[in-house]
Each structure stands twice: as C-alpha cells, then as structure tokens.
Amino acid sequence: RKRPGYTTGQMAQMKTDLSLTDEQAAMLDAVNKAFEKAYYDAHDIYHGNAELAKEYWNKFDAERKAALRTVFSEQQYAQYLQLVAQITQPEAEKKN
C-alpha cells in the first residue's frame, strides 16, 4: 500500500518553505505520524470501499490540518495549505 502521509521529501520541503522552528518541525512530524496511524488503523473498516476510504481520509486530514493550525503562525498555515494543494494537485490530475 502507498504511504498515506506526506513523503520524506514533501516533509522536508514543508519544513524549509515554512521556515519551521525545531519545535514546529517536530510537531509536523508528530501530527503527520498520528494521521498515518489513524488512517492505517481504520483500514479494516474501509478496505475495499473507496468512498468510505475517502471519507476517512478527509476526516483525518481535517484533524491533521486543525492540529497544525494551532502550531503554525497564520502566515505559515496559509502557506502550508498552498503547499498541500500543490502536492495533491498532481495526484488529482492522475485520476482524471
């Protein structure tokens, strides 16, 4: 299975582009790992049901973003959302 979180390269790009402090970078890692774990742990529930998998993905992703909103400054969070949009855009285009 494909890793559900951001790749190592994407995480490094976020840390650099957002000029994260060591504490913020550690929180980004922790929040992303929690997202991955929650999504993996729910696998038996949504396995084979793409619609339900997407629902879980969206729920956990919203929780990830809410957590990061408390860690980042407003400017960093806005920039984070832009980076995420750039990262997910190519994936959405592949599906079309």
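Analyst: Happy to. Let's start with Q24, which is buried, with a relative accessible area of 12%. Buried means under 20% relative accessible area, exposed means over 50%, and partly exposed is in between (1.4 Å probe, protein chains only). This is a predicted model: local features need pLDDT of at least 70, side-chain atom pairs count only at pLDDT 80 or more, and totals for chains, interfaces and linings use all residues. Residues are numbered from 1 along each chain as its sequence is written, and side-chain values use heavy atoms, with hydrogens and water left out.

User: Where is Q24 placed, and which residues does Q24 touch?

Analyst: Q24 sits in helix α2. Helices (H or I, at least four residues) and strands (E, at least two) are DSSP runs, numbered from the N terminus. Leaving out residues up to four places away in sequence, Q24 touches S19, V71, F72, S73 and Q76. Contact here means heavy atoms within 4.5 Å.

User: What joins the side chains of Q24 and Q76?

Analyst: A polar contact of 2.8 Å. That term means a pair of N or O atoms within 3.5 Å; within protein, one must be able to donate a hydrogen and the other to accept it, and residues adjacent in sequence count only if both atoms are side-chain atoms. A polar atom of the Q24 side chain also lies 3.0 Å from the backbone nitrogen of T21.

User: You mentioned S19. Is S19 buried or exposed?

Analyst: S19 is exposed, with a relative accessible area of 56%. S19 is in the loop between α1 (8-17) and α2 (22-41). Its phi is near 50°, a positive value in a residue other than glycine.

User: Zooming out, how many helices and strands does the protein chain have?

Analyst: Five helices and zero strands. Buried residues make up 34% of the 96 residues in the chain.

User: Which residues touch the most other members in the largest nonpolar core?

Analyst: Y6, M14, L18, L28, F72 and Y80, out of 16 residues in that core. A nonpolar core is a set of buried Ala, Val, Leu, Ile, Met, Phe, Trp, Tyr and Cys residues joined through side-chain atoms within 4.5 Å. The elements giving two or more residues to this core are α1, α2, α4 (50-71) and α5 (74-95). The largest share, five residues, comes from α5. Apart from this core lies another, of seven residues, including F35, Y39, Y56 and F60.

User: Lots of aromatics there! How many aromatic pairs does the count come to?

Analyst: Eight. Rings of Phe, Tyr and Trp (its six-membered ring) pair if their centres lie within 6.5 Å; planes under 30 degrees apart count as stacked, over 60 as edge-to-face and the rest as tilted. The rings of F35 and Y39 have centres 6.3 Å apart and planes at 10°, so that pair is stacked. Y39 and W57 have ring centres 5.1 Å apart and planes at 90°, so they are edge-to-face. Y39 lies in helix α2 and W57 in helix α4, so this pair ties together parts that are 18 residues apart in sequence.

User: And how confident is the prediction?

Analyst: The protein chain averages a pLDDT of 88, and 90% of the residues score at least 70. pLDDT is the predictor's confidence in each residue, from 0 to 100. Among the elements, α5 has the lowest mean pLDDT (82) and α1 the highest (94).
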